[in-house]
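Please open the model in your viewer and keep the selection tool at hand.

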Amino acid sequence: MRTRAALLLCLAPALAAAQTAGSINITESSDTANGGVNDRVVNIAECLGYNDRTGATLDADTLALAWTLTAVPVATTFYKVYATTQACPTPSTTPATGIVDLTNGFQATNGSQTGSWPLSGAIDIYVEILLPLGLGGCTATSNVNLCVTVYDAGQSTVQDVKASAVLKVDHDVPAAPIDVSVSPGDSALNVSWAAGAGGAAAASSFTATATSGAGAAESCTVTGGGSTSCRIDGLVNGEVYNVVVVAFSDSENPSAESEAVPGVPESVDDFWRLYRAAGGREPGGCAGGAAGAPALLALLALARRRR
């Protein structure tokens, strides 16, 4: 099992008591190869602890905090670090409801103050943040505000919001691809499809996977919501493969699989074989680079001679 790297939040010092909210820098070290996203997003794979691409098991996402507070209003004030789906409170308000306390109660500030989390282990995002905020089903999409707020000595009224940041919990998925078609290539299958409609998220990439009866699988991936085809190489001629296409959102949330379509690679002089024989180097789509145009012209000339 791969260890989930913690999120690290660093709080820039507040320069004065009357200063407006500062900023929190979020750096996430995700295992992107297993479905995580390396930004301010908790996607489905990170929430559930598994990867929809490969089925690999992941540890739960965790959160670590580090902060520095300077020039607090008075020595007897207290700070609180918490997560909420509501806005961070404004000065002179009472503490917000529907919050998750990340500092185990109020901590005294007493002038300059530094602190860090974990005090005794990292915060489990799913158990300690998503579940209490009602986002634990790994189906809801919401912004979670992270707030560092200073309260009065009675711990009842907000004196100042020192810093805030937004962590996006994104569980929206795109619609499954439709109209999948498969044509044979030499040790390959050429796959085309159309983007589905009605998904909660737009598709930003697609992966087509060919699986044999023995369970051997190869795939191809293209980026761009308007992508409609790719070529799966590394297959065995004459063997039957079932091909499915999956769409992925910007947050790497997968759609349901398309309907499976069978295909059989054949030893044929298909377009890609002729193109590569003519010197083309592109894996798919229109030719590019120094060898692309000459190879394409040579291929067209070859096609004319064969008429």
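**Stop 1**

Begin by selecting Thr-84, which is buried, with a relative accessible area of 0%. The model on the screen is a predicted one. Thr-84 belongs to strand 5, which spans residues 78-84.

Which backbone atoms does the side chain of Thr-84 reach? One is the backbone nitrogen of Gln-86, at 2.9 Å. Another is the backbone oxygen of Gly-98, at 3.3 Å. Display these two distances before moving on.

Now show the residues around Thr-84. With neighbours within four places in sequence left aside, Thr-84 is in contact with Thr-97, Gly-98, Ile-99, Leu-133, Asn-143, Val-144, Asn-145 and Cys-147.

**Stop 2**

A disulfide is a covalent bond between the sulfur atoms of two cysteines. How many disulfides does the structure hold? There are 3 disulfides.

Select Cys-88 together with Cys-147: a disulfide joins them, with an S to S distance of 2.0 Å. The torsion about this S-S bond is -85°, and the link is left-handed. The pair connects distant parts of the chain, 59 residues apart: Cys-88 sits in the loop between strand 5 and strand 6 (99-101), while Cys-147 sits in strand 10.

Are these two cysteines buried or exposed? Cys-88 has a relative accessibility of 19% and counts as buried, because the term applies under 20% relative accessible area. Cys-147 is buried as well, at 0%.

**Stop 3: the disulfide of Cys-47 and Cys-138**

Next, select Cys-47 and Cys-138, which are joined by a disulfide with an S to S distance of 1.8 Å. Why is this disulfide called left-handed? The torsion about its S-S bond is about -75°, and the link is therefore left-handed.

Colour the elements on either side of the bond. Cys-47 is part of helix 1 (residues 44-48), and Cys-138 is part of the loop between helix 2 (125-130) and strand 10 (142-151); the pair therefore ties together parts that are 91 residues apart in sequence. Cys-47 is buried, at 6% relative accessible area, and Cys-138 is buried with a value of 6%.

**Stop 4: Val-169 in strand 11**

Select Val-169, which is found in strand 11 (residues 158-169). Val-169 has a relative accessibility of 1% and counts as buried.

**Stop 5: an aromatic pair**

Select Trp-193 and Phe-206 and show their rings. They form an aromatic pair that is tilted, with 5.5 Å from centre to centre and 45° between the planes. Trp-193 lies in strand 13 (residues 188-194) and Phe-206 in strand 14, so the pair ties together parts that are 13 residues apart in sequence. Trp-193 is buried, with a relative accessible area of 5%; Phe-206 is buried too, at 1%.

**Stop 6: the sheet that contains strand 14**

Follow Phe-206 into strand 14. In what order do the strands of its sheet run? The sheet is open, has 4 strands in the order 15-14-17-18, and shows antiparallel pairing. At its edges are strand 15 (217-223) and strand 18 (261-263), each of which pairs on one side only. On average, neighbouring strands of this sheet are turned by 30° against each other, with direction ignored.

Select residues 205-212 and residues 241-248: these are strand 14 and strand 17, which run antiparallel and are joined by 8 bridges. Within this pairing, Ser-205 stands opposite Phe-248 of strand 17.

**Stop 7: the disulfide of Cys-220 and Cys-230**

Finally, select Cys-220 and Cys-230, joined by a disulfide with an S to S distance of 2.0 Å. With 55° about the S-S bond, this link is right-handed. Cys-220 is located in strand 15 and Cys-230 in strand 16 (residues 229-232), 10 residues apart. Both cysteines are buried.

To close, display every disulfide together: with bonded cysteines counted along the chain, the pattern is 1-3, 2-4, 5-6.

Terms used
Residues are numbered from 1 along each chain as its sequence is written. This is a predicted model: local features need pLDDT of at least 70, side-chain atom pairs count only at pLDDT 80 or more; totals for chains, interfaces and linings use all residues. Side-chain values use heavy atoms; hydrogens and water are left out. Two strands pair if DSSP finds at least two bridges between them. Helices (H or I, at least four residues) and strands (E, at least two) are DSSP runs, numbered from the N terminus. Axes are lines fitted to C-alpha atoms, for helices over the stretch in contact, and angles run from 0 to 180 degrees between N-to-C directions. A disulfide is a pair of cysteine sulfur atoms within 2.5 Å. Buried means under 20% relative accessible area, exposed over 50%, partly exposed in between (1.4 Å probe, protein chains only). Rings of Phe, Tyr and Trp (its six-membered ring) pair if their centres lie within 6.5 Å; planes under 30 degrees apart count as stacked, over 60 as edge-to-face and the rest as tilted. A polar contact is a pair of N or O atoms within 3.5 Å; within protein, one must be able to donate a hydrogen and the other to accept it, and residues adjacent in sequence count only if both atoms are side-chain atoms. Contact means heavy atoms within 4.5 Å.
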